[in-house]
Amino acid sequence: MDRLLNAMTGLSVLLIVMVLVSVRRARIRVEYSVAWLAGAAALLVFSRARVLLRTVADLLGVTYPPLALVLLVGSVFLLIFYRFSLIISQLKDDNIALAQRVAILEYHLQALKDHAAGC
Amino acid sequence: MSQAVAEAKLLILIPAFNEEGAIAGVVQAVKDVMPGVPVLVVDDCSQDATVTLARGAGAQILALPHHLGLGGCVQAGYKLAFELGYDYVIRVDGDGQHDARDIPGVFETLRTSGCEMVIGSRFVNGNGGQTSRVRTAGIQFFRMVLRPILGKTVRDPTSGFVGVNRRALGVFSRSFPLEYPEIEALVVLQRRRFQFVEVACHMQPRRTGRSSITPMKSIYYIVHVLLGVFVNVLKYERRAPKQSRRV
């Protein structure tokens, strides 16, 4: 049990460091780092606070506390993936609309240029 | 017909992606059949000489800044046509599979039937002999799926030879499926109680290039389109009141 929880702690610390470094290098925008940092922090807290983890395991009816942690972490990250799917879909829609608008504006611009050249 | 064309604002829309082998011939064939009607090639960021050849053949060009896929490409053309005040738009594929001589029939039906969409169908009057067995099986499957949703049989739901009037143009310029749009577009129209009709058209073998739908992709195609159809069926939208039919 200790080995698994230690691995979880290591994983959460690694995730926090990776996200912070990415934010610092402007690879991840701050608003999109919050969900990752919150998820990693929750993982860190539950992997270190045995009493808290046992309470949660009892609430979930799980006899092996690390399994409760895995369930919690899995749920949190599923929600994060869902949130990012929403964001990506919105960005894709915006991107398509922008690309179409650019093409239409270029079309109008070219028509104006042709008209001016013809005058 | 020529007077009708002059009175109604008609645009021929040709979505194209790397169609340098066929595009000039397609534009020329359309111009021969429909002289004086503007032809707009929507280039989906081709890497070859599609734009140059289409422009050389006399088409206007709407060049997308990056590749959007067929739905995004067609919708860009619909948006421009709507902005420019066109009453009718007929879409013809850029690979030369559609016979330009069928355009007047589609236009006439679009103009006189009152339907919002006219589909050029290879299966009306039994013209579907050129279609592969796999594609025919797919078409039959989607006919079966669409029959209860649309309330009538559509014989060629995957046809890209489609004419729309300004009402449908207004809808499609706001909401149009992005990948494999033909089948989902029918459901989008049905949700607004718009009507469509099929007219006979002739399909020719693709002049150059290959279909983007490979055997592996056809599985993805079926799943994607099925999901798209059901999402459109379930989508919450204020439905338009029933209109009196003019057909």
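In this predicted model, strand β5 (residues 117-121) of chain B and strand β6 (residues 162-165) of chain B pair in the antiparallel sense, and three bridges join them. Within this pairing, B:M117 of chain B has B:V164 in β6(B) standing opposite. Strands of a sheet pair through backbone hydrogen bonds, and they do so in either a parallel or an antiparallel manner.

The two strands belong to an open sheet of chain B, in which seven strands follow one another in the order β3-β2-β1-β4-β6-β5-β7 with mixed pairing. At its edges lie β3 (60-63) and β7 (196-200) of chain B, each of which pairs on one side only. On average, and with direction ignored, neighbouring strands of this sheet are turned by 25° against each other.

Helix α4 (residues 70-83) of chain B packs on this sheet, and the direction of the helix makes about 155° with that of β1(B). The strands that α4 touches include those in the table below.

| Strand touched by α4 of chain B | Residues |
|---|---|
| β1 (B) | 10-16 |
| β2 (B) | 39-43 |
| β4 (B) | 88-91 |

The helix α4 also touches β3 of chain B, and these two elements take part in the meeting of the chains as well, where 13 residues of chain B are in contact with eight residues of chain A. On the side of chain B that touches chain A, β3 and α4 of chain B each supply at least two residues, and α4(B) gives the most, with six residues.

Definitions and conventions
Residues numbered from 1 in each chain as written. Chains lettered and ligands numbered in written order. Predicted model: local features only at pLDDT ≥ 70, side-chain atom pairs only at ≥ 80, totals over all residues. Pairing = 2+ DSSP bridges. Helix = DSSP H or I, 4+ residues; strand = E, 2+ residues; numbered from the N terminus. Axes fitted to C-alpha atoms, helices over the stretch in contact; angles between N-to-C directions. Contact = placed C-beta atoms within 7 Å.
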